[in-house]
Amino acid sequence: MPVVGSIGSQKAFDADIGNRHLIYDYDVPGNNTSSGNPEKWRYEMWFYNADRIVYAIHGGPMAGRYNYQAATYQCIRPGELWQCNWLEETGTMCSLVYDIKEGRITTMLGFSKGHWECPEQAHGDKRNKQDLERWRGLARMGNQAERTMLCEQADVVEDFRGRGELKEIEMSWPTM
């Protein structure tokens, strides 16, 4: 899948989010959880470079998911706001805005029917061929109009440079 976009200034990207690693928590209200109770969902995002993201999900229905994707970045305001967008093998569309000054993440996720209704099947690591094929199967469930939109905000709890506990990737590895 071609990924088209422009980061704007490479210098601003490098200064603001290049190789930046964020760990952040969503405080999810009970009406958006399967338990009906408020939950804390932890995510981990590494802005690997101007073409890729690497992430892990540690809380919520998607906990246990490890992935990397081709991504597009947009600088909204240098030193303050950046947007990162990508498409998953499951058919899920993702858009994340990082507010550097406030330490906040705002996301919009358009979950495919398969990903939303069968979250356990979206667990695993993309590097495992069986997991990847199962994820691709989730994208074939339903159609474009059968998406669940989830919009949430999270607080950044850790902010550093480098991979942390996430695994390195090779740029030659396929995305999608």
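This is a predicted model: local features need pLDDT of at least 70, side-chain atom pairs count only at pLDDT 80 or more; totals for chains, interfaces and linings use all residues.
Residues are numbered from 1 along each chain as its sequence is written, and side-chain values use heavy atoms, with hydrogens and water left out.

**View 1. The protein chain has 3 helices and 10 strands.** Helices (H or I, at least four residues) and strands (E, at least two) are DSSP runs, numbered from the N terminus. Along the sequence they follow the pattern α-β-β-β-β-β-β-β-β-α-β-α-β. Of the 176 residues in the protein chain, 47% are buried, where buried means under 20% relative accessible area, exposed over 50% and partly exposed in between (1.4 Å probe, protein chains only).

**View 2. F13 and Y73 form an edge-to-face aromatic pair.** Rings of Phe, Tyr and Trp (its six-membered ring) pair if their centres lie within 6.5 Å, and planes under 30 degrees apart count as stacked, over 60 as edge-to-face and the rest as tilted. The structure holds 11 such aromatic pairs, and in the one between F13 and Y73 the centres are 4.9 Å apart with 70° between the planes. This pair links distant parts of the chain, for F13 belongs to helix α1 (residues 10–16) and Y73 to strand β5 (residues 72–77), 60 residues apart.

**View 3. W46 and Y48 form another aromatic pair.** Their ring centres lie 4.8 Å apart and their planes stand at 80°, so the pair is edge-to-face. W46 is buried, with a relative accessible area of 2%, and Y48 is also buried, with a relative accessible area of 19%.

**View 4. The charged ends of R65 and K126 sit over aromatic rings.** A charge sits over a ring if NZ of Lys or CZ of Arg is within 6 Å of the ring centre and within 35 degrees of the ring normal. The charged end of R65 is 3.8 Å from the centre of the ring of W135, and that of K126 is 4.3 Å from the centre of the ring of Y68.

**View 5. H21 lies in strand β1 (residues 20–28).** H21 counts as buried, at 0% relative accessibility. A polar atom of the H21 side chain lies 2.9 Å from the backbone oxygen of G162. Leaving aside residues up to four places away in sequence, H21 touches residues including W46, F160 and R163, a contact being heavy atoms within 4.5 Å.

Notes. A polar contact is a pair of N or O atoms within 3.5 Å; within protein, one must be able to donate a hydrogen and the other to accept it, and residues adjacent in sequence count only if both atoms are side-chain atoms.
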